[in-house]
Amino acid sequence: MKTNKSLILKYIPVIIIIIFLIIFRQVIMINEFKHILIWDMIIIFIISLLTIGLIFLIAFPTEKRLIKLFSKIQGPLLLINRENLEILLVNEDGKTLIRNKKSNEKTSVLTDLIELISYDIDYFINKIKTEDKIDNLEIDIKNDKGKEISFLMSSKKAKYKNNDCILLVFFDITSQKQVQEKMRSLTVRDQLTGLYNRHFLDEIIEEEMQRANRYNFDLSVLILDLDFFKKINDTYGHPVGDIILKETANLASNHLRRSDFLIRLGGEEFLFLMPHTNLKEARIVADKIRKEIEELNHPIVGNFTASFGVAQWNKKESYKELYERVDAALYSAKEAGRNRVNSAEELVNNEESDFQLKWKEEWNSGNEIIDKQHKNLVNMANGFLMLTINKADYDLSLKKIEELHKHMGVHFNSEADILKETNYIGYVEHVKIHNNILKEINDMKESFEKGEIKITSFFTFILDDFIVGHILDEDTKFFEHINNYKERS
């Protein structure tokens, strides 16, 4: 240290001259070689002296310079005894980091007076004691008002009254951190519900699976899907649908533990990622949420329900394979009547027929051609469910989608011909509905080709949009007409 100090003292005149010339040159350039007043020269010289003085003050914090430093520099500054950690000097900003003492408390030791959040205090003390210099260590401290503040902290060894000391300098970065957090929140949070989004899930899922594997703990996944949500949107409008989604998110969040993650996958679908949870425990959570949703009574919508799929991670499978299993369990719950919890393990252990759509007598229209085609479409829905269970490849799945589109087109043409032939009064409007359904299937096919939706979406489409939304809501309107026409003929 002495050698460095003597060198700087020896070359101070040279340094001042260099700084003087640099500033002088800049002034000349700014003034475009105009006349330089003597006052300009004096100001430049003073700036040079102040600059070298500041360099010297910071480079060698001796006792006098330390006191000057504490009186001039803004931002928290603390000087502590390296041996016993007693706070020797603190500036006004630094006092805001020191918690309020109790009336009978006389301590002035750093570890007793500063509440560190982001680091273990023993690790922090060891770090500042053993390292000669620390630059820009990011730490969080709870200030005297109980507010958490983020800082970049630098430390440097110093001497004060013949004691070995440590100078701690803090730069408040709370505002910058808040901006960063807001920016990150925009990328990993769902803007409607405030839950994590699929992007966040993609970031953490591999890490969570690795942790479960490394420390040998259970990991389960639960998917929640609101029943007939499309009908809620269509009947009451999207603003009401958004309220239902928020209420569901809030209700589900009440069942989160600190280790769990709740993610909105999109639409009306939510996913729980549950470390340290086996299948039985995940089912219990799912059934609690299911019952609470069933008991909700919205002032506009009334009661609504949700279906659940649950699976425990098999450590040999990828996340994609786990997701396919739990997704298949969810859609088996839908097919089995909704408002229930099914597990992927149950799906494997039961016969395939237990998880298939079954034709119901009340779906019969009275026309053999229409009914036969409707039954074929139900069978196709079961085929899409089995494609998921059997993890069919992309080409086979796409082929089945094309077959669905073709069969639906043939069916709609036949049905339209029958309605026209029997002089059904709602024929024109019914054909428009057919065209909209065909367009929707085509749009879904394009989304599947882009990887935006799963093959199970087609099972759900046939179940929700075709059987419930079309056969039960629209086709039943002409059933009586068909039967009357048959009797008259």
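This is a predicted model: local features need pLDDT of at least 70, side-chain atom pairs count only at pLDDT 80 or more; totals for chains, interfaces and linings use all residues.
Visitor: Let's start with the whole protein. How many helices and strands does the secondary structure come to?
Guide: Welcome! The protein has 489 residues, and 43% of them count as buried. Among contacts with a separation of 6 or more, 61% join residues 24 or more positions apart. The secondary structure comes to 17 helices and 12 strands.

Visitor: Is Phe272 buried or exposed?
Guide: Phe272 lies in strand 10, residues 269-275. Beyond its neighbours within four places in sequence, Phe272 is in contact with residues including Ser220, Leu256 and Ile289. Its relative accessibility is 0%, and buried means under 20%, so Phe272 counts as buried.

Visitor: How far apart are the C-alpha atoms of Phe272 and Ala252?
Guide: Along the chain, Phe272 and Ala252 are 20 residues apart. Ala252 is also one of the residues in contact with Phe272. Their C-alpha atoms are separated by 9.1 Å.

Visitor: How are the axes of helix 12 and helix 17 arranged relative to each other, parallel or antiparallel?
Guide: Two packed helices are described by the angle between their axes and the distance between the axes. For helix 12 (residues 319-335) and helix 17 (residues 456-488), the axes come within 11 Å and cross at roughly 10 degrees. Angles under 35 degrees count as roughly parallel, and therefore helix 12 and helix 17 are roughly parallel.

Visitor: How many charged residues does the contact of helix 12 with helix 17 have?
Guide: Helix 12 brings Asp327, Tyr331, Lys334 and Glu335, while helix 17 brings Thr456, Phe459, Thr460 and Leu463. By class, there are 3 nonpolar and 2 polar residues in this contact. The number of charged residues is 3.

Visitor: Which glycine follows helix 16 with a positive phi?
Guide: Helix 16, residues 427-449, reaches 34 Å from its first C-alpha to its last, close to the 33 Å expected. Its buried residues include His430, Ile437 and Phe448, and what covers the buried residues of helix 16 includes helix 15 and helix 17. Just after helix 16, a positive phi of about 80 degrees belongs to Gly451.

Visitor: What is the phi of Asn136?
Guide: Most residues other than glycine have a negative phi. Asn136 lies in strand 4, residues 133-142, and counts as exposed at 52% relative accessibility. Its phi is positive, near 55 degrees.

Definitions and conventions: Residues are numbered from 1 along each chain as its sequence is written. Side-chain values use heavy atoms; hydrogens and water are left out. Axes are lines fitted to C-alpha atoms, for helices over the stretch in contact, and angles run from 0 to 180 degrees between N-to-C directions. Helices (H or I, at least four residues) and strands (E, at least two) are DSSP runs, numbered from the N terminus. Angles under 35 degrees count as roughly parallel, over 145 as roughly antiparallel, 65 to 115 as roughly perpendicular and the rest as oblique. Contact means heavy atoms within 4.5 Å. Ala, Val, Leu, Ile, Met, Phe, Trp, Tyr, Cys and Pro count as nonpolar, Asp, Glu, Lys and Arg as charged, and the others, Gly among them, as polar. Buried means under 20% relative accessible area, exposed over 50%, partly exposed in between (1.4 Å probe, protein chains only). The expected span of a helix is 1.5 Å times one less than its number of residues.
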